[in-house]
Amino acid sequence: MRHYCIVGNHKMNVSEYEHSLEPERKKRFVNTMTKAVREGHTIVLCPTSVRIEHIADVVNGTGVALGAQNCHWENSGAYTGEVSPSMLAEMGCTWVIVGHSERRRDQCETDELIGRKASAALTNGLRPIICIGESIEQRRRGKTIDVLNKQIDGILSACGRLVFDASVIAYEPVWAIGTGLSATTEQIEEAHLAIRESCRERGILDTPILYGGSVSADNSDEILSCQHVSGALVGGASLSSDNFSSIVESAIRCANA
Ligand code: PGA
């Protein structure tokens, strides 16, 4: 039986289930999360930092884990606007996304910086979800695998093998994020196999590899059934109670298929 890891990334949004839901929908959401966790799946919700405690109340008792969308590499200091891994851990987080392509783009985050964040996260008891992925131009030029390897090497040289080994990788093709245009199962299998092989060559053996980029209730069965896919990083669809429940139900179904 496969055990999936399904991560919801709320980005800078407030999810629907933070408001009061009709009892039937709330019941479906809570029951689905509880069932998935009981069956050995890992479900993580990553709200914006100021909503972490709010989401903790919403999922209280379900076994859903809390994560953040970013952290700093230091635990305290003169870093205006930043949140440290130790602060996130204190709020109950056990996971953190690092290196999301939106932060690489908007905050100019480099592989080296992402590696340092992953390392600081793990030291503070947060499991890093390390994001990698190619742009559409890189894919068109046939550079996808080279780009993924370069990202892995850059992060690895900053955090070391042990940190990478204890993390989760999220393969997120940049062109598939928020576009409604998910990668095809062939593209996903090819990239995941390449990442798995690169990891093995570098002595990283068991790191789960998630897929992210326009995962929805309509394509989750297909994506989660792909070889080497250990779960999904879900953005837009994680904001809706019904959509996120459907994706988690899909993980339960695929695990038993
Ligand atoms: P999306 O986002 O599911 O809305 O494409 C995924 C992500 O950015 O993590």
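How many strands make up the closed barrel, and with what pairing? The closed barrel has eight strands, running β1-β2-β3-β4-β5-β6-β7-β8 with parallel pairing.

## About the model

This is a predicted model, in which local features need pLDDT of at least 70, side-chain atom pairs count only at pLDDT 80 or more, and totals for chains, interfaces and linings use all residues. Residues are numbered from 1 along each chain as its sequence is written, and side-chain values use heavy atoms, with hydrogens and water left out.

## Barrel and helices

Strands here are DSSP E runs of at least two residues, and helices are H or I runs of at least four, numbered from the N terminus; two strands pair if DSSP finds at least two bridges between them. Strands β6 (residues 168-171) and β7 (residues 209-212) pair in the parallel sense over three bridges, and Y171 stands opposite Y211 in β7.

Helix α5 (residues 111-123) lies across β4 (93-98) and β5 (127-132), running at about 160° to β5. Angles run from 0 to 180 degrees between N-to-C directions, with axes fitted to C-alpha atoms, for helices over the stretch in contact; contact means heavy atoms within 4.5 Å.

## Around the ligand

The ligand is surrounded by 13 residues (heavy atom within 4 Å), and the closest are K11, H100, E172, G178 and S214. Oxygen atoms of the ligand take part in polar contacts (N or O pairs within 3.5 Å): one lies 2.6 Å from a polar side-chain atom of H100, and one is 2.6 Å from a polar backbone atom of G178. The protein buries 95% of the 280 Å² that the ligand exposes when taken alone (Shrake-Rupley method, 1.4 Å probe).

Conventions: A polar contact is a pair of N or O atoms within 3.5 Å; within protein, one must be able to donate a hydrogen and the other to accept it, and residues adjacent in sequence count only if both atoms are side-chain atoms.
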